[in-house]
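Let's take a look at how charged side chains pair up in a protein model. Have the sequence and the 3D view ready as you read.

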Amino acid sequence: MHLRHQIVALAIVPLIVAILTITAFITLQSTTLVQSSIDTFEKNMLKAKENELLNLTNLALSAINEVYGKAGPDDEAAKEKVKAILKSLDYGRDGYFFVYDYDGNNLVHPRQEFRPGRNWLGLVDPDGDRVIANLIAKAKEGGGLHQYKWEKPSSGKLADKLSFAAGLDKWNWMIGTGVYLDDVFAQTAAAKADLRENIRTTFLVVTLIAVPAVLLVFATCMLVTLRERRMADGKLKQLTQRIIDTQEEERARLARELHDGISQNLVGVRYAIDLASRQVKNRSEDASRAIDVGVEALNGAIKEVRRLSHELRPRVLDDLGLTPALKALSENFTERTGIEVDMEAAWRDMLRPEASTALYRIAQEALNNIERHSGASRVEIRLWSEKERVRMTIADNGNGFVEDELKDGRGGLGLRNMQERMAHFGGLLLVKSGPEGTRLTAMLPKSANHEPERRREAA
């Protein structure tokens, strides 16, 4: 996988993890909140059941109060009358009152007729709770609530039951009634089931939205990367073609220079030597003059070779620096073309060697363009630095050219090469042209300078 693809993937994975983590956190918070609400609801329902039991018990005590209050401890008639009243106080299939004496003998049980007349003090529910003994204990304490498991009349199945037991101490009786809690627990269980289902649905919806969105972002990044790569490949091909064109143009120029300059001079040397040779054989007095002509032609060829060598890589640039190299370039240009060059350099040489070479090549290319196209009679070269940023301006008084061609990318190959040299160092090449002439400004950033001595020493 391409490095950029890996970087994008490494950026997407934490995003997915973050989204899932946030979703899980929100889900947990929502679950906790809803669970708290359900628990509160359950407590309120139980509290309502407790109040209901208290009201029912008070209602039963009010119903028997007139009889019980006038009766004595051994008034059997009053006892039978109270039993009848309590047995008749039904409120639904599962609502009734029961009575036990303090010894555990059942006296009233409207729903289970087999219980009256028998002792149930040792009765234990499936959870090990001594139901009757605990209810009697609550009655002796002055009344209280007790929860246990008991058979529900409407269903015939065991269910959680909450009862309130009160005492009739004069007769040593425990009177009680209860409500079944399975309906309350069923409602809370249903609420919890709905909560779990809602959480699953929410998590699924978030996942179905977030994951495709992240994948869409990832795919978009891949497409953008692929497009950028194709554009980069296209630019690379264009740059490669420009390099090839530049090489071919330089080779053609060197071929012309060699053919028109050095080759012609050498041919002249050969003819002069041939002429001198014949004259020496003939013992002519003009032999020395022919030899002098040959020497002069040979000197011209040597000068031409030096000039070409200087254009390819001037030694003065490596030995003395950019300013002397530009001065030598200007002098040679004036000597060759007759165009006056005014050069001004007010700066401290701080450039890296490759940056100096770039500025030299830009000046060399600019002077070549001036010679071939501008028709100028004067050139100004200015080299200076501004806040440690090197600047070079080359201006002529020639014909100029149409700037739109440069903006549209249709300018000459030389101008494009100069722009690319500046872009390599993060610099700029500004071109201003008109009927009064052309001004070219090369601007280099601080990064093109030498590193400070202290950094190199620290390294």
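## Salt bridges in the model

Asp 183 and Lys 152 bring their side chains together in a salt bridge, 3.9 Å from N to O. The term salt bridge here means a side-chain nitrogen of Lys or Arg within 4 Å of a carboxyl oxygen of Asp or Glu. Asp 183 sits in helix H4 (residues 182–281) and Lys 152 in the loop between strand S3 (144–151) and strand S4 (158–168), so this pair ties together parts that are 31 residues apart in sequence. Helices (H or I, at least four residues) and strands (E, at least two) are DSSP runs, numbered from the N terminus.

This is a predicted model, where local features need pLDDT of at least 70, side-chain atom pairs count only at pLDDT 80 or more, and totals for chains, interfaces and linings use all residues. Residues are numbered from 1 along each chain as its sequence is written, and side-chain values use heavy atoms, with hydrogens and water left out.

Here are three of the pairs:

| Pair | N to O distance |
|---|---|
| Asp 183 and Lys 152 | 3.9 Å |
| Lys 79 and Glu 76 | 3.8 Å |
| Arg 336 and Glu 371 | 2.9 Å |

Lys 79 and Glu 76 are both in helix H2 (residues 76–88), three residues apart, which is about one turn of the helix. For the salt bridge between Arg 336 and Glu 371, Arg 336 is in helix H7 (residues 322–337) and Glu 371 in helix H8 (residues 353–374), so the pair links parts 35 residues apart in sequence. Shared partners also join Glu 340, Asp 342, Arg 378 and Glu 380 into one network of salt bridges.

How many salt bridges does the rule give? The count comes to 16.
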